Amino acid sequence: MRSDEFYMHRALDQAHLAAAAGEVPVGAVVVDAQGEIIGAGCNAPVASCDPSGHAEVRALREAGQQQGNYRLEGCTLFVTLEPCMMCAGAMIHARLARLVYGAAEPRAGMVESKANLLAQPWFNHQVAVTGGVLAAPSQKLLKRFFTARRDQLSQK
């Protein structure tokens, strides 16, 4: 099995694809218990006109299709930004074993920043969490994106 950093670099590759498409640069990959990447996704809610078009959901969908099952037991999701409520819920329903994320999301992060949704006792499944893996490059990519967006808006 490769390191968390190896897989987070693959998620960062996806985030760069999102940025190149003009989307918020968040990327994700799903890794099975054998260490194979079985799903990948980048943010695309704008291009797909889909409010659920977050990187995590797109990666989970691809992994489910590849596995032929919406249950992704034993799998790990690597994502460059702390997940929102929708994405955290999708992880619980997928029965992921683990979540690894990069940058914290202080305004809407539902894993550790604003709430600890994945650890609530009323859910029938618990997801282990590791945060802060390659947080600096994840934050840098997001900061660069939003700085450029603000600059574009101020020039109008």
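Two residues are in contact when heavy atoms of theirs lie within 4.5 Å. Keep that in mind for C87, which is in contact with H54, E56 and V57, leaving aside its neighbours within four places in sequence. The model shown here is predicted.

Start with the whole chain. Its secondary structure comes to five helices and five strands. Along the sequence they follow the pattern α-β-β-α-α-β-α-β-β-α. The radius of gyration is 15 Å, close to the 15 Å that the globule rule gives for 156 residues, so the chain is as compact as a globular protein of that length. The C-alpha trace spans about 50 × 30 × 30 Å along its principal axes.

Now look at how the chain packs. Of its 156 residues, 46% are buried. Take the contacts between residues at least 6 apart in sequence: 56% of them join residues at least 24 apart. The chain exposes about 8100 Å². Carbon and sulfur atoms supply 54% of that area.

Next, return to C87 and the residues around it. For "binding site", an unreviewed UniProt entry lists H54, C84 and C87. These residues span 34 residues in sequence, yet no two of their C-alpha atoms are more than 9.3 Å apart, so they gather at one spot.

Where does H54 sit? H54 is found in the loop between α2 (45–48) and α3 (55–67). H54 is partly exposed, with a relative accessible area of 22%. The cut-off matters here: buried means under 20%. Not counting residues up to four places away in sequence, H54 touches N43, C84, M86 and C87. C84 and C87 are also on the "binding site" list of the UniProt entry.

C87 lies in helix α4, residues 85–94. At 0% relative accessibility, C87 counts as buried.

The unreviewed UniProt entry lists E56 for "active site". This residue is in helix α3. E56 has 4% relative accessibility and counts as buried. Its contacts, not counting residues up to four places away in sequence, are A28, L77, V79, L81, P83, C87 and M91. C87, one of these contacts, is listed for "binding site" in the UniProt entry.

Move on to strand β3, where T80 has its place. T80 counts as buried, at 2% relative accessibility. Leaving aside neighbours within four places in sequence, its contacts include M8, A11, L12 and A15. P25, V26 and G27 are also among them, as are G102, A103 and S138.

Which residues of α5 are buried? They are A135, S138, L141, L142 and F145. Seen down the axis of α5, the buried residues fall within an arc of 140°, so they line one face of the helix. An α-helix has 3.6 residues a turn, so residues three or four places apart point the same way.

The cover over the buried residues of α5 includes α1 (4–20), β3 (76–81) and β4 (98–103). Turned away from the buried side is a face that carries the exposed residues A136, K140, K143, R150 and S154.

Notes
Residues are numbered from 1 along each chain as its sequence is written. This is a predicted model: local features need pLDDT of at least 70, side-chain atom pairs count only at pLDDT 80 or more; totals for chains, interfaces and linings use all residues. Side-chain values use heavy atoms; hydrogens and water are left out. Buried means under 20% relative accessible area, exposed over 50%, partly exposed in between (1.4 Å probe, protein chains only). Helices (H or I, at least four residues) and strands (E, at least two) are DSSP runs, numbered from the N terminus. The arc is that of the directions from the helix axis to the C-beta atoms. UniProt positions are given in the numbering used here, feature names are shortened, and annotations may be inferred rather than shown by experiment. The radius of gyration is taken over C-alpha atoms; the globule rule is 2.2 Å times the number of residues to the power 0.38. Accessible areas come from the Shrake-Rupley method with a 1.4 Å probe; for residues, only the protein chains shown count as cover.
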